[in-house]
Amino acid sequence: MIDTHIHIGQFKDRYYDPLEVLTTVFEAGIKEAFFSSITASDTATFTYSAIEREISEVLSALGTSSDRAKPLLWYVPEYAKQGINIEKAFKNLPYCGFKIHPLENKWDLSDKNTVAIANEIFEYAQQNNLFVLIHTGNSGVDAANKFNDFFRKYSRVKFALAHARPLAQAIDMLSKYPNVCVDTAFLSLESLNEIINAGFASRILLGSDFPVTQYFHHQISKEWRTLKKQYEEDAKQMKLYNEIIKRS
Ligand SMILES: [Zn+2]
């Protein structure tokens with residue numbers, strides 16, 4: 001199995017040690033993990049160079065397993081103002097694509113500069129066959145159709161709508177754009193079945209959002225699972241979903 005949605009780094013008040021996270025994932029039998037540093041969501045505290053260091057250190061520490069770890073560049077509009085050059089970033093690290101979080105990082109597409117940044121990223125992704133993971137949600141600013149025009153314009157980029165929210169809109173994007181997928185992170189079984197019933201089983205990627213799953217498990221239950229225990233649960237769900245997808 002491949003997990004397309006893993007995070008390392010600072011999430012709210014917890015620091016998820018990159019090596020511990022990825023080792024936990026690989027020890028659970030996952031073949032490849034696409035991961036991004038959630039540290040990037042706090043641009044006020046952390047600079048891009050801190051994130052670059054974090055990823056480069058974990059790739060070295062992983063040794064021979066490092067080719068199973070596929071980093072995504074968590075891109076924040078502020079990086080453009082800070083002069084972070086995309087090509088240079090991809091030269092320094094073996095990034096496989098981008099992660100975009102329109103809610104945390106204020107992707108305001110009514111702003112001309114932000115639209116220009118989006119075009120630059122997606123153009124780069126198109127030219128280099130890269131994957132783009134986009135967070136979606138029900139807040140209104142992170143809806144599944146937010147980047148609709150770009151899905152059409154950059155038709156060779158493989159976009160994944162994390163969480164597939166709002167569901168009806170995510171399904172609408174799947175029906176309009178063959179280059180759009182969804183992932184299973186925090187996706188209910190009901191939603192999974194709706195996507196399958198709409199005819200898009202082959203466009204569902206398995207993604208866990210680990211270790212954010214541990215954080216939210218604690219919020220609900222007040223219990224801190226170990227990372228190992230949490231990922232066992234996450235992998236169990238992905239495995240179940242994978243069987244349901246295959247059976248359909
Ligand atoms: Zn995530």
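## Aromatic contacts and charges over rings

The charged end of lysine 99 lies over the ring of tryptophan 74, at 5.2 Å from the ring centre. The model is a predicted one. Arginine 68 also places its charged end over a ring, that of phenylalanine 26, 4.3 Å from the centre.

Searching the whole structure gives 20 aromatic pairs. One of them joins tryptophan 107 and phenylalanine 147 in an edge-to-face arrangement. This pair links distant parts of the chain, 40 residues apart. Tryptophan 107 is in the loop between β5 (97-100) and α5 (112-127). Phenylalanine 147 is in the loop between β6 (131-135) and α6 (148-153). Tryptophan 107 and phenylalanine 147 are buried.

Why is the pair of phenylalanine 151 and tyrosine 177 edge-to-face? Their ring planes stand at 65 degrees, with centres 6.0 Å apart, so the pair is edge-to-face; the cut-off for that class is over 60 degrees.

The geometry of the two pairs is set out here.

| Pair | Centre to centre | Angle between planes |
|---|---|---|
| Tryptophan 107 and phenylalanine 147 | 6.1 Å | 70 degrees |
| Phenylalanine 151 and tyrosine 177 | 6.0 Å | 65 degrees |

Which residues do ring pairs link into a cluster? The members are Trp107, Phe122, Phe147, Phe150, Phe151, Tyr154, Phe159 and Tyr177.

Conventions. Residues numbered from 1 in each chain as written. Predicted model: local features only at pLDDT ≥ 70, side-chain atom pairs only at ≥ 80, totals over all residues. Heavy atoms only, no water. Phe/Tyr/Trp six-rings, centres within 6.5 Å; stacked < 30°, edge-to-face > 60°. Helix = DSSP H or I, 4+ residues; strand = E, 2+ residues; numbered from the N terminus. Buried < 20%, exposed > 50% of the residue type's maximum accessible area, 1.4 Å probe, protein only. Lys NZ or Arg CZ within 6 Å of the ring centre and 35° of its normal.
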